[in-house]
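I opened the notebook to record, one entry at a time, what I looked up in this structure. The entries follow the order in which I went through the elements.

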Amino acid sequence: MKCDVKSQTVEELQEQFQAWDCPTYRVTQLLDWLYRRKAISWETMTNLPKPVREKLAHTYSLEILQLARKQGSRDTTQKFLWRLADGAFIESVLIPANPALYGEASDRHTLCVSTQVGCAYGCRFCASGLEGWKRNLGVHEIVEQVLAVERWHAAEDGESNERLVNNLVIMGMGEPLANYDNLIKALHILNAPWGGGIGARKITISTSGLAPQIRKLADEPYQFRLAISLHGATDEVRSRIMPVNRKFPVSELASACEYYQSKKGKMITLEYILIKGVNDGLDQVKPLAELSRRLNAKVNLIPYNKVEDLPWERPDEAAQDRFADALSARGVTATLRREKGHDIDAACGQLRLKTERELAEAAPVVA
């Protein structure tokens with residue numbers, strides 16, 4: 001199978017063009033078509049000679065995500081369901097400027113990106129893994145989520161080159177660090193000035209707690225942010241809802257985070273979904289505060305998004321506020337994010353699951 005051109009770095013493309021005896025400035029032209037003009041076919045790349053385009057078409061694929069479904073309006077959180085070349089579905093979520101997300105100025109649009117089709121880690125509250133893990137996304141499929149949203153924006157606004165996405169959170173479907181090599185290469189492309197041009201400090205990688213990969217990430221040269229999908233500050237609570245904790249318990253996870261911080265010097269974010277009767281009790285505040293202080297981490301509280309077929313519920317707003325206030329009283333930097341997209345199946349995997357079930361119900365029965 002051909003590799004997709006969007007999985008290639010500038011160095012790899014330069015090597016190929018040299019093998020073709022093409023001048024290297026042609027690589028710059030190609031990258032301009034891919035990442036600034038967001039071309040969807042070789043034919044549109046009109047300043048590349050036809051023989052070069054033919055070589056490109058013969059050597060590389062140029063896969064484009066197909067928009068299968070979208071929920072949300074232009075000025076709110078929007079969820080995109082993409083159909084991949086093999087017919088599988090993934091989701092991306094565009095989150096409008098929100099000063100409570102990471103405490104920064106509200107001047108951005110953040111795209112939540114998926115890294116796998118399904119998920120193998122089986123967090124009890126999450127829709128992504130309900131149908132199991134199917135496969136890792138390729139480098140180009142991670143990169144293409146950003147470009148596809150930019151194309152949608154250009155079609156809506158009639159501005160083909162205007163940048164929309166300026167922050168990335170890698171916390172969509174799948175466990176990002178379980179697709180480590182493809183993720184890092186994709187983020188290199190999205191970060192590079194010749195590629196996506198998104199600053200490393202504007203990219204946050206979220207993990208459910210793969211301690212060895214956190215340490216590996218710490219040794220990378222990039223200044224990405226790290227977020228931990230914690231959802232429980234004790235092994236008792238975390239193991240109940242997150243099977244990964246049995247392999248990498250809180251103590252081991254905390255040690256890996258300390259190593260990451262020692263190498264990067266960046267504040268870590270602890271993501272904490274508040275689930276009624278599971279982890280929202282005030283008895284959970286003390287261990288969470290202690291862990292936050294140990295890691296010099298801020299806590300992002302997110303009320304649970306209800307998922308069909310799962311028994312969990314979100315606490316009422318009074319309970320959410322009590323938990324947030326109790327954390328603040330212990331000196332923890334905590335934000336309570338009233339989850340955007342609660343009405344559009346915005347929790348990871350919900351829209352994909354709904355669509356796949358609808359398609360299965362509509363499929364003809366084979367005798």
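Predicted model: local features only at pLDDT ≥ 70, side-chain atom pairs only at ≥ 80, totals over all residues.

Next I looked up β5, in which 7 of the 7 residues are buried, so the strand is largely enclosed by the rest of the structure. Taken by face, Phe89, Glu91, Val93 and Ile95 lie on one side and Ile90, Ser92 and Leu94 on the other, and both faces are covered.

With β4, the strand is joined by 6 bridges and runs antiparallel, and Leu81 has Glu91 in β5 as its bridge partner. With β6, β5 pairs in the antiparallel sense over 3 bridges, and Val93 stands opposite Cys112 in β6.

**The sheet as a whole**

I then placed these strands in their sheet, which is open, has 10 strands in the order β3-β4-β5-β6-β9-β10-β11-β12-β13-β14, and shows mixed pairing. Which strands stand at the edges? I found β3 (66-71) and β14 (334-336) there, each with a single partner strand, so one side of each is left without a neighbour in the sheet. The twist averages 20° from one strand to the next.

Further along the order I checked β12 (residues 269-274) and β13 (residues 298-303), which run parallel and are joined by 6 bridges; Leu270 stands opposite Val299 in β13. I also noted that helix α4 (residues 139-157) packs on the sheet, where it touches β3, β4, β5, β6 and β9, and that the direction of α4 makes about 115° with that of β4.

For the helices I looked up α6 (residues 211-218) with α5 (residues 180-191), and recorded a packing angle of about 30° with the axes 12 Å apart. Angles under 35 degrees count as roughly parallel, which makes α5 roughly parallel to α6. The crossing of these two helices is right-handed. Tyr180, Asp181 and Ile184 in α5 meet Gln213, Lys216 and Leu217 in α6, and the residues of this contact divide into 3 nonpolar, 1 polar and 2 charged.

I then took α6 with α9 (residues 250-264), which pack at an angle of about 5° with their axes 9 Å apart, so α6 is roughly parallel to α9. On the α6 side the contact is made by Ala211, Ile214, Arg215, Leu217 and Ala218, and on the α9 side the residues include Leu253, Ala256, Tyr260 and Lys264. By class, I recorded 9 nonpolar, 1 polar and 4 charged residues for the contact of α6 with α9.

**Backbone angles and one separation**

Most residues other than glycine have a negative phi, and I looked up two residues with this in mind. Lys38, in the loop between α2 (25-36) and α3 (50-59), has a positive phi of about 55° although it is not a glycine. Is Lys38 buried or exposed? I found a relative accessible area of 8%, and since buried means under 20%, Lys38 is buried.

Asn296 also is not a glycine and has a positive phi, of about 50°; this residue lies in the loop between α10 (285-295) and β13. At 45% relative accessibility, Asn296 counts as partly exposed.

My last entry concerns Lys286, which lies in helix α10 and counts as partly exposed at 45% relative accessibility. I recorded that the C-alpha atoms of Lys286 and Ala233 are separated by 8.9 Å, with the two residues 53 residues apart along the chain.

Notes:
Residues numbered from 1 in each chain as written. Heavy atoms only, no water. Axes fitted to C-alpha atoms, helices over the stretch in contact; angles between N-to-C directions. Helix = DSSP H or I, 4+ residues; strand = E, 2+ residues; numbered from the N terminus. Parallel < 35°, antiparallel > 145°, perpendicular 65-115°, else oblique. Left-handed = near helix turned anticlockwise from the far one by under 90°. Contact = heavy atoms within 4.5 Å. Nonpolar A, V, L, I, M, F, W, Y, C, P; charged D, E, K, R; others polar. Pairing = 2+ DSSP bridges. Buried < 20%, exposed > 50% of the residue type's maximum accessible area, 1.4 Å probe, protein only.
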